[in-house]
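This report covers a pocket, aromatic contacts and backbone geometry in one model. The sequence and structure come first.

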Amino acid sequence: MSYAPDGQQQYQPYRPAPEGQYRQPRPPHDGPPPGPPYGQGQGYGQGQGYGQGQGYGHEYDYGPPQPPEEPRRRSRGKRWLIAGVAVLGLAGIAAGVMYHFEIPPFTDKGSAVSFGQPAAGGGGGGGAAKQAPNSKMLMPTGPAADFKNAQTLPDGTHIAVTTLDGKKSGFKGKVWVWAPKEYNDPKFAKSGFPVLIALPGGAGYPNNYWMGTDLGLQSSISKWYAEGKSKPFILAMPVLNPGPDDKGVYWDGSDIPGQPKMGTWLTDDVPDLMKANFRTIKSRDGWAFMGSSTGGFAGMKAVLKYPDRFKAVVASGPDIVPDSSLWKGHDKEKAENNPELLAKDLIDKKGPDVYIAFQVGDSESNKRTLPDVQKFIATYGNKGPVHTSLKVIPGGKHNAKTYVPNMGEGPIQFISKVMEGPVE
């Protein structure tokens with residue numbers, strides 16, 4: 001008897017017995033009859049070949065003996081097992097593809113994120129909660145923004161995004177936010193956290209590249225905090241410009257006459273968004289900027305221009321003076337946004353103290369970047385209220401991938417030492 005590949009029996013066709021031979025009856029068991037080898041010996045008369053002779057006066061064919069049932073069950077079970085493994089494998093691949101392309105339900109992208117606030121439109125609105133008059137912490141003032149999840153990090157924290165309609169600037173744009181896991185730790189449930197407004201270089205539109213996890217800013221802050229190097233900053237990551245950087249046109253993060261008020265957007269509207277939705281710190285001791293290239297310039301200028309609101313900045317590879325072509329014909333307003341003149345004015349007024357942590361690569365594409373920063377420090381740094389530090393990155397280039405890893409050894413420590421949070 002033979003078996004097909006899938007385990008099903010193949011029966012031999014009926015063949016008449018040779019003359020003089022008889023088929024012998026099938027014995028009452030599954031095994032061969034005793035005596036000569038199975039299929040060749042004599043039995044039950046004179047016929048040879050079990051199952052091929054004649055007997056009892058008529059011809060009959062019982063066919064080959066049936067195989068035991070157990071091998072078939074094992075074969076079927078194996079097939080079911082293989083099929084199950086294949087289905088699970090295909091399901092896993094499909095789930096991975098759907099997660100990669102952010103197809104629900106395999107991703108939570110786009111789901112609401114409240115950061116502990118009542119959801120937007122949920123009736124709570126996030127009005128100011130009661131707190132002690134002498135508290136350093138500021139409870140969320142509301143109303144709650146409509147935050148949607150942009151990405152979930154491995155530690156369970158969320159990068160969320162909202163569209164902010166700036167009441168003071170009149171500009172409407174996107175802001176990404178992130179809070180460290182400590183923000184939702186019951187130990188800090190009554191604590192306000194410091195805010196770091198992170199500004200990109202280049203156009204900074206329609207995205208702020210710090211909102212992507214490939215640069216590792218969020219995970220680095222968590223790591224630095226665990227190592228005792230950094231405050232557990234909440235990040236605000238707004239767009240920097242109102243449109244693409246077309247043919248070298250950019251806005252210097254400033255209120256240029258006749259243009260969208262990007263300075264007011266960065267220094268008023270974005271902080272107001274954070275105060276409305278997070279437990280923050282009342283004083284300037286909980287507010288700082290960081291940025292690279294144009295973002296470094298905008299952050300440094302904001303701290304020097306509004307030292308009563310912001311205390312520190314990490315400025316990586318920054319421009320030192322405003323240079324947008326849109327300033328043409330507006331010399332007075334351009335001077336009011338010049339970090340060199342703002343630093344001089346702050347020194348003349350004798351405060352308040354601000355802290356600028358510079359970092360510059362020694363292989364920057366603009367060969368003037370490092371000399372310009374060094375000149376600024378020599379002229380204004382560590383004289384009266386303008387406190388500066390400089391980290392030169394060996395082999396460092398003019399990009400965020402150079403700046404983030406190097407912030408942990410120097411710049412982030414420099415500003416964290418003078419800032420507060422978490423505080424009650």
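The model is predicted.

**Backbone geometry**

By that numbering, D252 is found in the loop between β8 and α3. K247 also lies in the loop between β8 (234-238) and α3. D252 is not a glycine, yet has a positive phi of about 60°; for K247, likewise not a glycine, phi is positive at about 60°. Their surroundings can be read from relative accessibility, where buried means under 20% and exposed over 50%. D252 has a relative accessible area of 1% and is therefore buried. K247, at 79% relative accessibility, counts as exposed.

| Cis peptide bond | Omega |
|---|---|
| G142 to P143 | about -5° |
| G351 to P352 | near 5° |

P143 belongs to the loop between β3 (137-138) and β4 (148-152). P352 is in the loop between α6 (339-349) and β12 (354-361).

**The second largest pocket**

Helix α3 gives the largest share, five residues. Sorted by class, the lining has six charged, five nonpolar and four polar residues.

**Aromatic contacts**

The structure holds 12 aromatic pairs. In one of these, the ring centres of F376 and Y380 are 5.1 Å apart and the planes meet at 50°, so the pair is tilted. Planes under 30 degrees apart would count as stacked and those over 60 as edge-to-face. F376 and Y380 are four residues apart in helix α7 (residues 369-380), about one turn of the helix. Both residues are buried.

A single aromatic cluster is formed by F115, F147, Y183, F188, F193 and F278. One member of the cluster, Y183, also has a charge over its ring: the charged end of R279 sits 4.0 Å from the ring centre. A further arginine, R309, lies over the face of Y306, at 4.1 Å from the ring centre.

Key. Residues numbered from 1 in each chain as written. Predicted model: local features only at pLDDT ≥ 70, side-chain atom pairs only at ≥ 80, totals over all residues. Heavy atoms only, no water. Helix = DSSP H or I, 4+ residues; strand = E, 2+ residues; numbered from the N terminus. Nonpolar A, V, L, I, M, F, W, Y, C, P; charged D, E, K, R; others polar. Phe/Tyr/Trp six-rings, centres within 6.5 Å; stacked < 30°, edge-to-face > 60°. Buried < 20%, exposed > 50% of the residue type's maximum accessible area, 1.4 Å probe, protein only. Lys NZ or Arg CZ within 6 Å of the ring centre and 35° of its normal.
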